[in-house]
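Subject: Structure handover and notes

Dear colleague,

Please find below the structure that I promised to pass on to you. My notes on it come after the model, and I would be glad if you read them with the structure open.

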Amino acid sequence: MNAASYVSSLFDLTGHTGIITGASRGIGAGTAEVLARAGVHVYNYSRSKMEESVEGAEGKVLDLPGDVCDTDAFQKALEEVISREGQLDFLINNAGISGKYPAEEFPEERLDRILETDLKAPFLLSRMAYPYLKKSAYTGRIINIASMAAYMGFSGVMPYNMAKSGILGLTRGLAEEWKEDNVLVNAVSPGWIQTRLNEGFFRENPDRKAAALSKPMLKRFGESREIGYMILFLLSGASLYITGQDFAVDGGARSHGF
Ligand code: NAP
């Protein structure tokens, strides 16, 4: 086997099908594009359609509109994928929101919405996907998107800190519980990627943007696609001995320290 065939036998995901939540834009969209180029049939489950379509990929990205907090809608989306493709090989819990207030003033309704979107939904959606994932011919995968906020305290975003820390517990717990069920569960923690999640914050606080850029060893923001490359690895045949782990893709920010 030549080198190209060897690498492609590990990373060519032609024939794989999965759902990514929140791929209408940002990290989810960048990841969906990477996966479609690797041959995957990717389903974007978010409230709006993908803002930019993916052209020229061997795989494809299709929209399944829905809210991660609406489990009835997600069940219908799952059934739609199964009826079209006959299989589900992965779920990427990527959809996420935040909100910025001092802890002592954080509105309770916003707290509930962040915890529901960023933590409760990944659990509920994972267990809904589980019956299909355990039948995957490629080994079922769940990838949860965590954050540096799972490891460090960021002020003003307490529910986000709480939810992302919880995502690591969810990742380890599900990996343990489903270890004999053909399902691997891992997390990816992005560093600063410029998306709508943080664009307003950086616009209003240019000094914080400069401070954020000073943290990664690599001194630049990451690209959404660079999160997708790690996810490609975690969905591939090269990662079958990995479960219950979190992988930082943050330009060395966590190692540099804050
Ligand atoms: P983004 O550009 O704001 O995208 C968020 C995505 O989540 C959108 O596609 C949005 O789609 C979807 N979404 C939000 N609420 C939803 C809901 N209730 N139901 C369905 N979809 C929903 O943010 P991003 O930066 O790409 O964030 C993606 C993930 O990466 C999040 O989990 C975030 O916490 C994490 N992360 C981001 C960074 C960063 O620096 N950007 C760093 C660490 C971790 P609709 O609005 O169309 O529903």
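Predicted model: local features only at pLDDT ≥ 70, side-chain atom pairs only at ≥ 80, totals over all residues.

Residues are numbered from 1 along each chain as its sequence is written, and side-chain values use heavy atoms, with hydrogens and water left out.

Strands

I begin with strand β1 (residues 17–21), where helices (H or I, at least four residues) and strands (E, at least two) are DSSP runs numbered from the N terminus. In β1, 5 of the 5 residues are buried, so this strand is largely enclosed by the rest of the structure; buried here means under 20% relative accessible area, exposed means over 50%, and partly exposed is in between, with a 1.4 Å probe and protein chains only. Thr17, Ile19 and Thr21 point one way from β1, while Gly18 and Ile20 point the other way.

Strand β1 runs parallel to β2 and is joined to it by 5 bridges, and two strands are taken to pair if DSSP finds at least two bridges between them. Within this pairing, Tyr43 in β2 is the bridge partner of Ile19. Between β1 and β2 the chain passes through helix α2 (residues 26–37), and this β-α-β crossover is right-handed, in the sense that, with the strands pointing away from the viewer, the path from the first strand over the helix to the second runs clockwise.

Strand β1 also runs parallel to β4, with 3 bridges joining the two. Ile19 stands opposite Leu91 in β4, and the bridge partner of Gly18 in β4 is Phe90. Strand β4 (residues 90–93) is itself made of buried residues, with Phe90 and Ile92 pointing one way and Leu91 and Asn93 the other way. Strand β4 pairs in the parallel sense with strand β5 (residues 140–145) over 4 bridges, and there Phe90 stands opposite Arg141. Together, β4, helix α4 (residues 108–133) and β5 make a right-handed β-α-β unit.

Nonpolar core

Which residues of the largest nonpolar core touch the most other members? They are Ile19 and Phe74, in a core of 31 residues, a nonpolar core being a set of buried Ala, Val, Leu, Ile, Met, Phe, Trp, Tyr and Cys residues joined through side-chain atoms within 4.5 Å. At least two residues of this core come from each of β2 (41–45), α3 (71–85), α4, α5 (158–177) and β6 (183–190), and the largest share, 6 residues, is supplied by α4. As background, nonpolar side chains tend to be buried together in soluble globular proteins.

Ligand site

There are 31 residues around the ligand, and those that come nearest are Ser24, Ser48, Asn94, Tyr160 and Thr195; a residue is near a molecule or strand if one of its heavy atoms lies within 4 Å of it. For polar contacts, the criterion is a pair of N or O atoms within 3.5 Å; within protein, one must be able to donate a hydrogen and the other to accept it, and residues adjacent in sequence count only if both atoms are side-chain atoms. An N or O atom in the side chain of Tyr160 is 2.6 Å from an oxygen atom of the ligand, and an N or O atom in the side chain of Lys164 is 2.9 Å from an oxygen atom of the ligand. For Arg113, a polar side-chain atom lies 3.4 Å from a nitrogen atom of the ligand. On its own the ligand has 880 Å² of accessible area, of which the protein covers 96%; accessible areas come from the Shrake-Rupley method with a 1.4 Å probe, and for residues only the protein chains shown count as cover.

Single residues

Asn182, in the loop between α5 and β6, is a residue other than glycine with a positive phi, near 65°, and is partly exposed, with a relative accessible area of 29%. Lys219, in the loop between α7 (206–214) and α8 (224–235), likewise has a positive phi, near 50°, and counts as partly exposed at 46% relative accessibility.

With best regards
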